[in-house]
Amino acid sequence: MGNVRNILGRDDPERVSLSIAALPADADPVSVRIANRLRSNLQAIGIETSIDLLSPDSFRVEVLVNHNFDVAIARHPGGTDPDFLYSTLHSRFAPESGWQNPYGFTNLELDEALLEQRQLSGEDRRTLIGEILQRTAQEQPFNPIAFPLDRRAYRMDRVGQVDGKAFDKGFDLYNLSTTRSLDRMTLSIRDPAATRNLNPLSVEFRQRGLVTGLLYDQLAVRTPSGVVPWLASRIDWSGSTASITLREAQWHDGETLTAEDVAFTYRYLSDTSMGDRETAIPAPRYRGRLGLVDTTDVTSIRSLDITFDADPTVANRALLIPILPRHVWRDRTDPAELAGIEWRDTFTEGLVTSNMPPVGSGPYQYVDHQRREFLRLERVDDHFIDSLELSHPVETPAGTLQFDAVPNDPTALEGISEGEFDLTLDPIAPDEDLESLEFGEIAVADPPTFYHVAYNIRNRPLSNTNFRRVVSRLVDKQHLSDVVFEGFARVASTPVADPAWVPEDLRWDDGDPEVPFFGEDGVLGAARAREALIEAGYRYDEEGVLLGRRS
Amino acid sequence: MVLDLFIRLGFVVGALVLVGLATIVGYERLRELREDWFARTLSIVPEIGLLAVVLLVNALAREFGPDLSWIIGLEITDPIYQLEGDFIVWVQSFASPPVTVYFSRMYVYGYAFLLVFPLLAYMALEDNRPLRTLVIAYASNYLLGLLFYLVVIAYGPRNLLPDTVEPLLYSTYPEYQNLTRQVNRNTNVFPSLHASLAATVVLLAWRTRDTYPRWLPVSAAIAASVVVSTMYLGIHWATDVVAGLVLAYVAVELAERVADRRGRRTPFADGLLERYG
């Protein structure tokens, strides 16, 4: 009898199946083309695989908010400073939404290292970052594929200084017009998020925050020459405390911007319920940066002290958040009732409001919009940008900025040729031939963003590191870079774009140093991959289908 | 840019309709139509009203439907692909530039002509039943199609398989993208309304073959080209087309029944006729 119970009480191993979340080709051909190749390689090693095509905002809801995915092929925003790894990988962010650890990755040693690097600078920090990258590559919470080179088409007669700009922040739109200032500049966008929602805190509608970056000011901005004061006229550091003096500025509804607004913003972003709930409900998008802030102390109507829990070189990042008007956002603290997102008492109104029309203080204000069609902004008179003296003058590009949603790249390029658009704001996919463009120039940028295969480590069998490593080795990054990216990419072995941070033995060297492809020139050696899975303790059934335990 | 296209579309379809009226409808019926057009229009006011309401609902649903369907809808792009495999890739293996030109024109101009011409041809008949049936069938297609679009999310082949399926229409005529996006969202491919409306016209052409013997082969040829074009151009899956054909059959059956339920002329229309006719 005992034997029967022993046998019946056990679950039979089930066939392993995975689903890959990807974007449709209209939104991002790279994502679905990688997904198709990964699918066929997974199937070659006996893993049933399906593809989920999701629109860009549904993709962000399912992957970044609901964590309802197995594998996702997406562009990670990345970061210039490797501190973005803290919010990307620290286990405390696993339950949260946004690009904060959507993988559900937990590793105690890495947690410690990620916190420690914030207190370091110079060579010590570089060494520790190197160790973190090494550890991450071993664990494969995600598999970085390539840093894409972004191509944009623009009208040379109207737009200039486009080359090299990543257009991941409002600042990149300044100094763009060739004549002193255009009446109107029209930019095509492929992701219509900005025509539907202008909430700088929204996870599902904000990717880069470029448009909201025009509407809201930050204390400082990242420029090609480093982080410089913006809404702050001065930032004086003493130890890890920054004494900040604000410029004179007004909200778009006429109210005066004060240091109270700034202090409110830091409080609000770290708990959008403002202490109303038992646990704080922070704004996911700025989670990593907010964690750097210790206290804020308003010293006068236009000055305040912010104390950081980090070295000033790292703490700078915390100055790069949009300052919100207290009189608008202090009422947005109630729990949200919303459709589309699983309601879990973890969202306040401020996180889900469409925030249209927005009240900001930036150089541009909202005029009009039509969902999925367009968004129109106009220049604000007497914004401090006019008198700003950075290393070079900063100028707004046009009196009116129009963002027109296009269904796909050919339409955007057609619009450039026809003179309808001045610039394709969303990068043109690599498979689009730009040689035949009648009018217009091509600009190339090398942003720190990277395409990656994201694993949901909460789900079996992706919770198994060995399994993830085998899946990572089904991806031929070099081949993808040549064929899918058409050469417009740098192959990635780590998530950090700047090679100066990457230790010697982790650099790309004719193959991935940690998870080299099982095969050659895009052709998989399935037998080797199957052996690797068997070595990792997996079994196959008589039809060659991989078995594992689900649930 | 879009306006240009609509004007061009109007000219081409207008010219085709004139040819059709001359060769298929004939002078005698057109003369009668000239005398009786007002009364005939009045006699189908309820049907036209129905179609107008359906198109209006359709337009509103196009604005807000996508958000709703992402919440309640079922995403079936990959299941469709698993079902039919690389059929579309096989269809496109016959592609050549002149064929692409032919099918692109059929997809845009042939389709528009196919929908517009029978409205006038049936209006030229003294019996208004074919016309009423046609209008109700159009409305049923849109209405039933709309229900599917709300509960089913499916992207076309070019969105899942950019490596193997060419977006032939838009790579050959990028300007058409602007035309069709006024009408369709890229998540609305199941079922194919191009297929269902084209098939609807042919089904009714069959039922009126005694009156318009020439229209049946002409409409069948155009409809077949339109149906093939949706797949050839990489816009629809074969599954969408099959579902579209089923939808056409259901819509026509439904329209026949509704048309049966009321006599040739309604009291409402008779009242209007008495007053203005």
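F190(B) counts as buried, because its relative accessibility is 15% (buried means under 20% relative accessible area, exposed over 50% and partly exposed in between, with a 1.4 Å probe and protein chains only). The model is predicted: local features need pLDDT of at least 70 and side-chain atom pairs count only at pLDDT 80 or more, while totals for chains, interfaces and linings use all residues. Residues are numbered from 1 along each chain as its sequence is written, chains are lettered from A and ligands numbered from 1 in the order in which they are written, and side-chain values use heavy atoms, with hydrogens and water left out.

Over all chains, the structure holds 24 aromatic pairs (rings of Phe, Tyr and Trp, the last by its six-membered ring, with centres within 6.5 Å; planes under 30 degrees apart count as stacked, over 60 as edge-to-face and the rest as tilted). One of them joins Y86(A) and F93(A); the ring centres are 5.3 Å apart and the planes stand at 85°, so this pair is edge-to-face. Y86(A) and F93(A) are both buried. F148(B) and F190(B) also form an edge-to-face pair, with 5.8 Å from centre to centre and 75° between the planes. F148(B) belongs to helix α7 (residues 129–151) of chain B, and F190(B) to the loop between α10 (174–181) and α11 (193–207) of that chain, so the pair ties together parts that are 42 residues apart in sequence. F148(B) has a relative accessible area of 36% and is therefore partly exposed, whereas F190(B) is buried. In chain A, ring pairs link Y103(A), F142(A), F147(A) and F450(A) into a cluster.

Chain B contains 14 helices and 2 strands (DSSP runs numbered from the N terminus, helices being H or I of at least four residues and strands E of at least two). Of the 277 residues in chain B, 53% are buried. Contacts (heavy atoms within 4.5 Å) in chain B between residues at least 6 apart in sequence join residues at least 24 apart in 89% of cases.

A22(B) is part of helix α1 (residues 2–25) of chain B and counts as exposed because its relative accessibility is 57%. Its C-alpha atom is separated by 20 Å from that of D127(B), 105 residues apart along the chain. L56(B) is found in helix α3 (residues 45–72) of chain B; with a relative accessible area of 57%, L56(B) is exposed. Between the C-alpha atoms of L56(B) and R209(B), 153 residues apart along the chain, the separation is 32 Å.

Where the two chains meet, 31 residues of chain A are in contact with 26 residues of chain B. Together the chains bury about 2400 Å², with 46% of it on carbon and sulfur atoms (the accessible area, 1.4 Å probe, lost on being put together and summed over both parts). On the side of chain A, L53(A), R371(A) and R372(A) lose the most area to chain B, together 23% of what that side buries.

Between chain A and chain B there are 4 salt bridges (a side-chain nitrogen of Lys or Arg within 4 Å of a carboxyl oxygen of Asp or Glu). R33(A) makes a salt bridge with D163(B), in which the closest N and O atoms are 2.7 Å apart. Three elements of chain A, namely α2 (29–44), β3 (48–53) and α13 (409–417), each supply at least two residues of the side that touches chain B. The most comes from α2(A), with 6 residues.

Conventions: Buried area is the accessible area (1.4 Å probe) that two parts lose on being put together, summed over both.
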